[in-house]
Amino acid sequence: MSRKVNKSASTSQPNLRPAANTASPPRGKTSPRPGSPDTPLVDTEKFTKAELLSELREEISSLFKKELTAAFAENLTSIRSDIQQLKTDLSSDITTMRQEFAGLRSTVTGMEQSLSTCTDDIVHLQAKVDAMSKELAKLENKCEDLESRSRRNNIRIVGVPEENVLSATDVSVLLMEAFQLGKEPLVDRAHRTLAPKPNTGERPRAVVVRLHYYADCARILQKARELQRVQINNMTISVFPDHTAKTARARAAFNEVRRQLRGIQGVRFGILYPARLRITYQGMQRDFVSRVQFTASEIKADKNGRYLVVVGTMYN
């Protein structure tokens, strides 16, 4: 019986050989070529690996989901509370900002109304100031005119030493002798100018004289212009009209141009009251007001060689 068994075993051995090859081939060996008897086993192995990888992915995915769900579950409550707190804070801040904006809006509205009122007041005040400035200028001119008219009978005598005390009678005699008048002019008052008494060797103060008659004043000033400086009683005196400070400054603005005109032959010039320079040359005559100040370059000769003041700048 043993032989039979061995025989059967030997006869059935070729059929059992493929089954022995069902085990996975060792790593590092090449896969059987297509068409070989081992190809179905390779496909089965691939399918098995794919199933294993799929199951592994599912397990990993489920594990991640469980962990993420647990983590979210733990932090969801705190996140919700934080979001709710943030909403509450934002709501309170927005309410506060709205209240502040409402207050600012009311403040801006009040300021706009106040500014509008102030603007209207400023426009009204500006117009009023302009009108008052014009009125002030008129009053200043009127006061200047009144003061100038009150000084029409006054003259100033320059060069009388301080030690000479002059009364109205003394001044009357001095004027008659200095200008060779037919009779003594009637003098109302005579006094020194209101300035500190100069020291020894300094220029003496001028003597202001009030004449009773304007005709005597005009005659003395005319002779004073002709004689310029008068020698009398060991002193040299000059007589000038008594102008206001404003008129004196305006007339003094022509000093430089008058000095330059003196060197031009054939030119006649003079200052008219209150401060108007008149230049005459070969029948041509021009007048300039005291607001104009001249310089040396502004006295030019025309094509015929005649000198005329042709350019002026405003004098402040």
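Biologist: Which residues of α4 are buried?
Modeller: In this predicted model, the buried residues of α4 are Asp216, Cys217, Ile220, Leu221 and Ala224, where buried means under 20% relative accessible area, exposed over 50% and partly exposed in between, with a 1.4 Å probe and protein chains only. They cover an arc of only 130° around the axis, which puts them on the same side of α4; the arc is that of the directions from the helix axis to the C-beta atoms.

Biologist: And which exposed residues does the face turned away carry?
Modeller: Arg225 and Glu226 are the exposed residues carried by the face of α4 turned away from its buried side.

Biologist: What do the buried residues of α4 pack against?
Modeller: They pack against β1 (154–158), α3 (168–179), β3 (207–211) and β5 (235–241), with contact meaning heavy atoms within 4.5 Å. The helices (H or I, at least four residues) and strands (E, at least two) are DSSP runs, numbered from the N terminus.

Biologist: What span should α4 have?
Modeller: Helix α4 covers residues 214–227, and at 1.5 Å a residue its 14 residues should span 20 Å, which agrees with end C-alpha atoms that are 20 Å apart. The expected span is 1.5 Å times one less than the number of residues in the helix. Just after α4, Gln228 takes a positive phi of about 65°.

Biologist: Switching to β1, which strands does it pair with?
Modeller: β1 runs antiparallel to β3, joined by 4 bridges, and it pairs with β5 in the antiparallel sense over 4 bridges, a pair of strands requiring at least two bridges found by DSSP. Within β1, 4 of the 5 residues are buried, so the strand is largely enclosed by the rest of the structure.

Biologist: Is Phe240 buried, exposed or partly exposed, and what is it in contact with?
Modeller: Phe240 is partly exposed, with a relative accessible area of 45%. Leaving aside neighbours within four places in sequence, Phe240 is in contact with Ile155, Arg156, Val158 and Leu221.

How values were computed:
Residues are numbered from 1 along each chain as its sequence is written. This is a predicted model: local features need pLDDT of at least 70, side-chain atom pairs count only at pLDDT 80 or more; totals for chains, interfaces and linings use all residues. Side-chain values use heavy atoms; hydrogens and water are left out.
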